Amino acid sequence: MEPVIRTLSLAMILTSFVAVESRSMRRALYAYMGQALLMVAVIGCFATDHEALALWAATAFVTKFALISWLLFRAVARGDDQECPPRAGPVTSAVVIGALAIAAYALVHRNVAFLAPTPTAEMEPYRTNVAVALTLVAVGIYAIVTRRDALKVVLGVCLIENGAHLSLVSLATTMHETVLIGVVTDVVLAVFLLLILIRGIEERIGSRDTSRLTLLRG
Amino acid sequence: MLPIAVLALPLLTAAAVWLTRGVRVRAWVWVAGSAVSLVLAAVQASRVVSDGPITALGGELLVDGLAALMALLVGFLAFACAVYAAGYLPGVHPLEASRREVLERRTPMFQALFPVLQATLLWVVMTNNIVLLWVALEATTLASALLVSFYWDGRAIEAGYKYLLLLTVGITAAFFGCVLLYSAAAPHLGSHSALLISNLRNVADKIPRDIAVLATVLLLIGFGTKAGLAPFHPWVADAYAEAPAVMSAFLGSVISKVPFIGIIRVWQIMGPQHPELNTLLLWLGAFTIVVGGFLALAQDELKRMHAYSSVAQYGYVALALGTGGYLGYYAAALFMVSHALTKGLLFFTAGSVIYATKGQRSMSALGGLGKRLPVTAACSLAGALSLAGLPPFSGFAGKAAVVFAAATAAQWVPLGIAVAMSLITMAYMIGMTQRVFRGAAPAGLEMDTVHEVPATMRVAMMLLAAAMLAVGLLPGLLDPLLDLAART
């Protein structure tokens, strides 16, 4: 199972790169949806060890793949498919995201006792999973900082939340499902409300460009 | 049953408000619902004082001294906000004639969503589940985002967007902190018991030092962002300034205080085991006092000055907590009560000035309003004196407690910073009073059209001023609850 999880994890990092770098919002969204499915598959693989995780995989499918993607699709369909020019290009992003992934792996593999609260989390494939989760969080923050398109910023938030969700597989496998449902409900609502506010921004300045937010001050 | 009733009543109020027709009728349904909520919170507090902590839902809800005190504070401020809004919200429409239709459409949403926000705050205060504490705190952000951007003009939408984005991202750090604490405690307590905060203290010494420190720092970043501690404060000024005054008051008084519940809960568990965490919090507090104080001093816009001044005051709470021990927690709890009353009042008075002058927010364009707005001016002066830490108001008791806690812990440098920055607070608050209410009116201000605000707004201001005075003159009034809160 370990090689499968490693391959899926690498694919998750690649999809996060495509989601951040694709200039077409639809393509970026497809990359995000692909990542959501990969996450469901990763959690599904872990569910072979912990049956309770099957429900987590189902929760991730419903919220990350279905609900959030549907909300984002509606927002993309309403506006321009082309992303506002970002602050950093694909080469910079490739270098930064690659460096973030290597740093996360190095941090987790060299200092696993510092980060992993349980003996299980120190072992493979749980350890690699923590590294992937950290990478997704870092890529999400990178997207928020370097993208000017508000929808891309929301995609960055979604990447951070995917990282947080994935980390639970290694760090809190035994956590009760109702708590997990509370966590993912917050995420869906946050995306929903952000999209309402972005629609308000688009209606006023005719663009999703966050560098033009000062125009809102009149 | 009582904690469930306290939690459920604001939700019932929200449903009743939503189903009622007519902006004024809705306003009074809201006032009635929040009055009953306040009574329930008071009964709950009295039960906790007489009989000890109350639990519900199998220990998922725990009302100890701290929770009872904060639930009472949330209930009182929510009631004051409902009374203020009964005059403020309908009256806002004539000021915004060009967008009257938009505001009229959004007012029912505001009136119904506000009690929902109150319920989420009470959930934060009373939950005993470490991960649901995070969920509830994020829920307070979600419930308040549309209230911050109520005016739905460019500035309000920008403020709402930044508020929601920065807080959602910032509080993710706290999520990792909560999960780390839970998973480190689970092997010792079992999977369900490890979620309960009241159980975590029993195994605090068994959690590896590195994990404990990392989790606590992550929690501080997340909850500190939500509270508005420096350097996580950049969202504060826009959100406080662009929200309607009633929302600014709720933000500055209680929404900013509930994240400290999370900080206190975690510090009471981890602080005694790892004293370096107390030092971190102490200096973060001192840093926040300095940053917020000087930013407030530089502002010309009334609500922005109050916003940055709030940041500075949150620093006093962190500093008191950082001194550790009973006195530090007692001082932090008393200061939070005092600041909630004081800042709620000051945002109400700022809203009244803006309301009466038809939208004038800049202090340089205001002046001589004392004669036209005597109640607002008197309440603003009382709030200014309290914030500056002068007797006989609650601010004096609050700041004296913080100073006493820092002196007892022999933290002389942070104490010196806190006292020196109090003088800065006094300077900008006296400056505000002078510029807005005294002197001559500037040329552009049409004084003939300036009249004192509606009665409900004045009643709400006087209610908070009276509470501030009561806590200042009789600091022992809240002692049974403060004592329990500090011992929690």
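Me: Happy to look at this one with you! What is the mean pLDDT of chain B?
Reply: This is a predicted model, in which local features need pLDDT of at least 70, side-chain atom pairs count only at pLDDT 80 or more, and totals for chains, interfaces and linings use all residues. Residues are numbered from 1 along each chain as its sequence is written, while chains are lettered from A and ligands numbered from 1 in the order in which they are written. In chain B, 98% of residues reach a pLDDT (the predictor's confidence in each residue, from 0 to 100) of 70 or more, and the mean is 93.

Me: Are α3(A) and α7(A) roughly parallel or antiparallel to each other?
Reply: The axes (lines fitted to C-alpha atoms over the stretch in contact, with angles from 0 to 180 degrees between N-to-C directions) of α3 (residues 53-78) and α7 (residues 150-171) of chain A come within 12 Å and cross at roughly 180°. Angles over 145 degrees count as roughly antiparallel. The two helices (DSSP runs of H or I, at least four residues, numbered from the N terminus) are therefore roughly antiparallel.

Me: Which helix gives the most to the side of chain A that touches chain B?
Reply: The contact (C-beta atoms, placed from the backbone, within 7 Å) takes 31 residues from chain A and 35 residues from chain B. On the chain A side, α7 and α8 (177-205) each supply at least two residues. With twelve residues, the helix that gives the most is α8(A).

Notes. Angles under 35 degrees count as roughly parallel, over 145 as roughly antiparallel, 65 to 115 as roughly perpendicular and the rest as oblique. Two residues are in contact if their C-beta atoms, placed from the backbone, lie within 7 Å.
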